[in-house]
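Thanks for coming, everyone. Let me put the structure up and then walk you through it.

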Amino acid sequence: MSEGAADLGRRLASGDRSAAPAALNVIEDRSPRGRERARELLAVVSPASLGHEAPAHIVGLTGPPGAGKSSLLSALVREWRARGKTVAVLAVDPSSKRSGGSLLGDRARIDHDPKDDGILIRSTAAGGRLGGLAAATREAVQALAPAFDVVVVETVGVGQSETDVEEVSDTTVVVVQPGSGDTLQFIKAGIMEVPDLLVVTKADLGDVALRARRDLSAALRSLGSRDTKVLAVASLPPPEGVDELIDALEGHREATDIAARRLRARRLAALDEFTVEHGERALRALGGRRDAERWLRGQDEGLDVPGLVAALEQRAAGAS
Amino acid sequence: MRTYAGHSTAKESNALYRKNLEKGQTGLSIAFDLPTQTGYDPDHELSRGEVGKVGVSIAHKGDMHQLLDGIPLGEMNTSMTINATAAWLLALYMTVAEENDVDRGSLQGTTQNDIIKEFLSRGTYAFPPGPSMRLIADMIAFTVDEVPKWNPINICSYHLQEAGATPVQEIAYAMSTAQAVLDAARERVDEETFPRVFGRISFFVNAGIRFIEEHAKLRAMGQIWEQLGRERYGVTDSKLLRFRYGVQVNSLGLTEAQPENNVIRIVLEALAVTLGRNARARALQLPAWNEALGLPRPWDQQWSLRIQQILAYETDLLEYPDIFEGSHVMEGLVSELVEGARAEMAVVAEHGGAVEAVDYMKTQLVESHSERVAKIERGDLKVIGQNVFQSSEPSPLQEGEDGGILTVDPGVEQGQIEAVEKWRSSRDDDAVGKALDALSEAARDENTNIMEATLACARAGVTTGEWAARLRECFGEYRAPTGVGDAAVPAEDGSLDDLRDKVERVSESLGRRVKILVGKPGLDGHSNGAEQIAVRARDAGMDVVYEGIRLTPARIAATAVQEGVHVVGLSILSGSHRELIPEVVRELREAGADVPVVVGGIIPARDAQEMLEMGVARVYTPKDFEISRIMGDIVELVAERNGVATAA
C-alpha cells in the first residue's frame, strides 16, 4: 500500500498515464477503506477540481456477442494511435453468477504493441450486477478521462447494459453483424435506446452488409431518428470504413454539448447509486424517480456523483 | 517405421537422419522447430528460446539443402510435420530436389497441413481460417498433377484426442475437417481429377489406452470415410475410397509419475492400431517413455523403434486376416461410434461446417478435457502410479547424469540468428524483392494458385519469416478462439465449495476479487494446460485474464500491470522455459509489477530448482494433477503476499 490515493488522482489529472493501473486497483477495491481511498482519488479528478470537463472523448461500444466488437475495436485502436491519440479501453465482461468468477479474454483480440504506453486495456467483471455496468466502471471512466484522449467502454449488449453504456459515454456505438434482426427489434420495442451510431460489421460480406445497413437506416427513419448514422465496417484486412467511423465519432462529439450530457449522466448515476444503496422505498420517499430527477436538475452543476448522492440522502432523511 | 526427429540445426539433423536410416528406419519424419512452423525467422522476437528446440530450424533453401544432404530424395518417403507454412516447406523441398536434378514427379511424402486442428489444439497457425483453407486447397490442386505421389494433407484427429476429445468427437471433427478441405479443393480442380484428390487425403490418428474401443474407432472412421466418398463426392473407385492413416499413439495419457509404466501403455496403444488387418495403420510412430519429463534422448527413441520391430518381426500379429471379422461385440462398438459421430458431424454442419464451427468445437474440447481432468482428480479414472498405487521404488532409469532427458545446446539459437543474417546479406536483394511482390499479388488474387509464386520465392532465397510476413500482410493476423470463455460451469457437486470459500474470503480481505493472469509465453501452442487452469480458476471464483497463446514476455508484463492482477501463472511445454521464464520475470519487474509468478509445464527438477531460486514462487509439473489443490495453493500465495489471512 504505497502511494496516496489523492496522489494517484493528481498524477492522472496532470496527464500521467502510468498512474492509471494503480488508480483502477483503488477504484475496484470495495472494502470500506478502499471506498474511502477511491473517494479521495475521484475528488481530485472531478470536473469541479479540474475546473472543466475532462477532455477525453468517452465512447461506449456495445453489441451482441459475436458481432465483431473486438475486431472492430482492434482496428479502431490502431487508427486512433496512428492519429496520435492515446486510448484507454475498459472491457466489461459478464461474471459467472454461480461462482462469482469470470474469464476476461476479450483484450486478447486487440492487437497492440505492449511497449506502447499510449494504450491501456483493462478488463473488469460486471460484478454480478445483472445487465448493469459495475459502478466501478463509471468511476474508472472518470479517473481515466483526464489522462487519455479516448476512453472506450466496451461491453456485451444484453438488454439493459446498452442504457448503462449510454449513461457513461459521450457517444454510444452499437455494433451489429449483418442479418441480426434482434437489435432492430430491441430498438423498435424501446428495450434499447437509439444509439448515436450504428455500425454494421463484416462489410466484406458485401451485399448482405449493405442490405443490413439499408434496413437499419430505414427502420431508424421510421422511428423518427434522423440523426443516427449507420456505417458499414470491415475490420479484417483490408479494413474498410474505419476511417469513416472515426470521423463520424468525432463529428458526433463536436455536435454534442458534452458538458450537458455528462452533467445529466452524473445525476442519473447518483440516483442509481442512491437507489442501489437505500432501495426503492427510499426513492419513493423522494417522491419517486421522476420527481427525484427533477429535483436533481436544480442542484449545483459542480457536484460530483458522491456529492449528489449525499444531497439525495440528506433530502430523503429530511423527508422521512 | 520411423521416428519423429529433428532438432537444432540442419546439419545436426542431417547426421541424425543418416544414422536412423542405417538403423533400419524406412523413411524420414521431419520435426521443425516452432519458429519454422509458425513462419518466423530465428531472429524474430517471438522465436526467442524456441530456435532448434522441438525440431530443426529451416529458414531458407540453404538450410533445406543441408538438411537433406546425401539423402536420395527420389527414393525417400518424407513426412513433414508442418501446417501453416506447409506450402513454403514443400516449395523448399521441391527446390532442393530441382537443384539436385531430381524429378518432382518422383517425390513422395506427406505435409501435415491440417490447419483446423491447429486452431483447436496445437496452436501453430499463422493466418486466419479462410486464407488458411485456401492455401491448403492450392497445395492440393497443385500437387495432384505436379507431385502426384505427394500427400498434400494429413487430416489430424491425433491432436484432437490430445486436447481432450472423446472418440466420437475425434471422429466427427476430423471427418468434418476433411469435408471442409474437400469442399474447398473441389472448387480448385476439375471433375475428372477430383476422385484422385479424394484418394490422396490421408489421416493422422491417435490411439489411447482403451485399446479395444480405439480399434473400433478406426474401423468406424473407415466406414464413415468410404460413405462420405461415395455419397457426398461420388467417388466409385474402391482403391481411392480406402481410409489411409498413420498413427502416433497417445501422449496425453503418459505420466510423469513412474514414467517407466509409459512403455507398457505405448505397447498396448500400438496394438489398438495394428490388431485388425481391416483397420491397420499404414505408418506408426511411437512416443518415448519420458515425454512427460522433457525431450527424449536418441536412446529413448530407439526403445520406441524396438517396440515396433518386436511387434512386426517377433509376434504373429501380421500373419492373419482380420481377426475381428464376425465379432458381434466389435461390430456393435463400431456402429455405436459411427452413429455418435454422424450426429456430432450434423451439429458441426449446422454451424456451417468445420471452418465456421471452430469456436464451437474448441469449446466442446475444453469441456471434455475438463471432465477428464476432474475424473482423474476424483479417482473415477484410474491412472496407475499417478492417482492410484503411487508408492514406488526409486527408478534407476532416471539416475544418469542427464536426469533422463535431452537438453538442446542454447548456443544453437545464436548460431542460427547469425546464419540467417549472413544469408540475407549474401543474396540478390532485387530478385528477392521481386519474388515477394509477386507473392503478394498472387495472395491477393483468390483465383491464382499460391504455389508458383511460393516456388519462385524459394528459388530466390527468400526466408521463412519473409514469406510468412508477406502473407500475414495480405491475409491479416489471427488469434484462435481460446474456448474457455464459453466452457460450461460444472454441475454443482460441492467439490469446489471449500476452494470457493477460500477465494471469497481472500477476495473480501483484498477488497476486490482475486485476479490471475494465465499466460503462455513464446510460440508453444499446446494450450490445454493453460485452458484447464483458466477454467478452474474461474469456477473457483477468481477473475481470470487469459489471452491465449503466443505472447511475448513484454506483452505478458504489460497485461499484468494494466490488469492489476494479484498473481501471474505461466504455462510452457515446449522446453523453452529456461529462456522465457526469466525473461518474463525480468519484464515484470521492469514494468513495476510486484506480483508472484507461478509456472506450470514439463519442467525437469533441476530447472525447477533454478527457477525457484530466481524468484518464481511455485513450479507445477504433470504430476501435480489435482488442479483444485494447485488453485488453493495459489490463493494462499496471494493472501500471503498481500498480508491477509486465508482462514475464516
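In what order do the four strands of the open sheet in chain B run? The order is 1-2-3-4, and the pairing is parallel. Strands here are DSSP runs of E, at least two residues long, helices are runs of H or I, at least four residues long, and both are numbered from the N terminus. Two strands pair if DSSP finds at least two bridges between them.

Some housekeeping. This is a predicted model: local features need pLDDT of at least 70, side-chain atom pairs count only at pLDDT 80 or more, and totals for chains, interfaces and linings use all residues. Residues are numbered from 1 along each chain as its sequence is written, while chains are lettered from A and ligands numbered from 1 in the order in which they are written.

Strand 4 of chain B pairs with strand 3 (residues 108-111) of chain B through two bridges, in the parallel sense. There, B:Thr110 has B:Asn151 as its bridge partner.

Now chain B as a whole. We count 24 helices and 13 strands. Its radius of gyration, taken over C-alpha atoms, is 24 Å. The C-alpha trace spans about 75 × 65 × 50 Å along its principal axes. Buried residues are 56% of the 648; buried means 20 or more other C-beta atoms within 10 Å of the residue's own, with C-beta atoms placed from the backbone.

Next, domains. An automatic or database assignment sets the bounds. Chain B has domain 1 (112-121 + 130-388) and domain 2 (497-641). Their C-alpha centres lie 33 Å apart. Contact means C-beta atoms, placed from the backbone, within 7 Å.

Last, the two chains. Which chain gives 30 residues to the contact, and which gives 32? Chain A gives 30 and chain B gives 32. On the chain A side, helix 2 (20-28), strand 3 (102-104) and strand 4 (119-125) each supply at least two residues. Strand 4 of chain A has the largest share, five residues. Strand 3 of chain A also runs parallel to strand 10 (residues 543-546) of chain B, joined by three bridges. A:Leu104 sits opposite B:Val545 there.

Note on methods: Two residues are in contact if their C-beta atoms, placed from the backbone, lie within 7 Å. The radius of gyration is taken over C-alpha atoms; the globule rule is 2.2 Å times the number of residues to the power 0.38. A residue is buried if 20 or more other C-beta atoms lie within 10 Å of its own, exposed if 12 or fewer, and partly exposed in between; C-beta atoms are placed from the backbone.
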